[in-house]
Amino acid sequence: MSFLQWVYDKHIKALEERDDLDFDVLHQSMLKAKWDYFESLSKDDAAEFMKPRRKQREDFYRELLEINGDILASCGLSFQRFYEQVESALGKLPVGGGILLDPTCSKLLLVQSAISGKYDLPKGKVDPGESVQDAAIRNIENKAGYSAILDEETPPIENRHKGRLTTLFYVRNVPIDFAFSPHYDKVVSGVEFFDLDKIKPNGYYGNKRYDKCVTRIVTTFLQDIKTYCRNVKIQNGVFL
């Protein structure tokens, strides 16, 4: 049995018997199938596979669904229309994650993407039926290898960009010397604390312009994070 057939039998085959099959049901099963396939790839191939609109990913979907062409017919979709909806849906899935701060509230934990090389907050999509709080804890664990306790007393901060809602929760007192070990090591190539005051509004970090770069979402939330840290320091009687 080929690996592709194994993935189909595991995630898609049961759908052949469903009378209520539609795009949403098929899409959720395909996401699980995609993850199994992703896990089978080398780090370099996985990075290529996850880049936006890569033909390799489209070919995987096509080959998987060609095992039984009746699956798409049951949804009333051509492959092209199905894949267009997949790409559109992926860009709108809600995201949950964390803003992890050291005990002094002067350093921010960021994870480096193995795909783009940029540094980002540990975050990821919210699964269907999952609360955004549970998704945040899960994504922090997977991306940073840290079991987070969310600051429930402080409301999360949110941002909507191109239809996607990102919700981030504060996590305080993260040890500087913690041995971070990301579970998703094909997605994350490093975990590092950044001095908040050295992250520039244009996304660059430190004095060397091209040394390190953070994502748009980090710069979007940067002022909110600095305000939060300033308030924590004032509450703790820290001289500013």
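The legends below describe close-up views of a predicted model.

Residues are numbered from 1 along each chain as its sequence is written, and side-chain values use heavy atoms, with hydrogens and water left out. Because the model is predicted, local features need pLDDT of at least 70 and side-chain atom pairs count only at pLDDT 80 or more, while totals for chains, interfaces and linings use all residues.

**View 1. Helix α2 from end to end.** Helix α2 covers residues 23–40; helices here are DSSP runs of H or I with at least four residues, numbered from the N terminus. The expected span of a helix is 1.5 Å times one less than its number of residues.

**View 2. The buried residues of α2.** Buried means under 20% relative accessible area, exposed over 50%, and partly exposed in between, with a 1.4 Å probe and protein chains only. In α2 the buried residues are F23, L26, H27, S29, M30, L31, A33, K34, D36, Y37 and F38. Their cover includes α1 (3–11), α3 (43–49), α4 (55–65), α5 (70–75) and α6 (79–90).

**View 3. S29 in helix α2.** S29 is part of α2 and is buried because its relative accessible area is 13%. Not counting residues up to four places away in sequence, S29 touches H11, I12 and L15; contact means heavy atoms within 4.5 Å. P103 is 74 residues from S29 along the chain, and their C-alpha atoms are separated by 41 Å.

**View 4. The crossing of α1 and α4.** The axes of these helices, α1 and α4, come within 10 Å and cross at roughly 70°. The two helices are therefore roughly perpendicular, a label for angles of 65 to 115 degrees. L4, V7 and Y8 in α1 meet F60, E63 and L64 in α4. The residues of this contact divide into five nonpolar, no polar and one charged.

**View 5. N139 in helix α7.** N139 lies in α7, residues 132–144. Its relative accessibility is 3%, so N139 counts as buried. The side chain of N139 reaches the backbone oxygen of K125 at 3.4 Å. Leaving aside neighbours within four places in sequence, N139 is in contact with G96, K123, G124, K125 and A144.

Definitions and conventions: Axes are lines fitted to C-alpha atoms, for helices over the stretch in contact, and angles run from 0 to 180 degrees between N-to-C directions. Angles under 35 degrees count as roughly parallel, over 145 as roughly antiparallel, 65 to 115 as roughly perpendicular and the rest as oblique. Ala, Val, Leu, Ile, Met, Phe, Trp, Tyr, Cys and Pro count as nonpolar, Asp, Glu, Lys and Arg as charged, and the others, Gly among them, as polar. A polar contact is a pair of N or O atoms within 3.5 Å; within protein, one must be able to donate a hydrogen and the other to accept it, and residues adjacent in sequence count only if both atoms are side-chain atoms.
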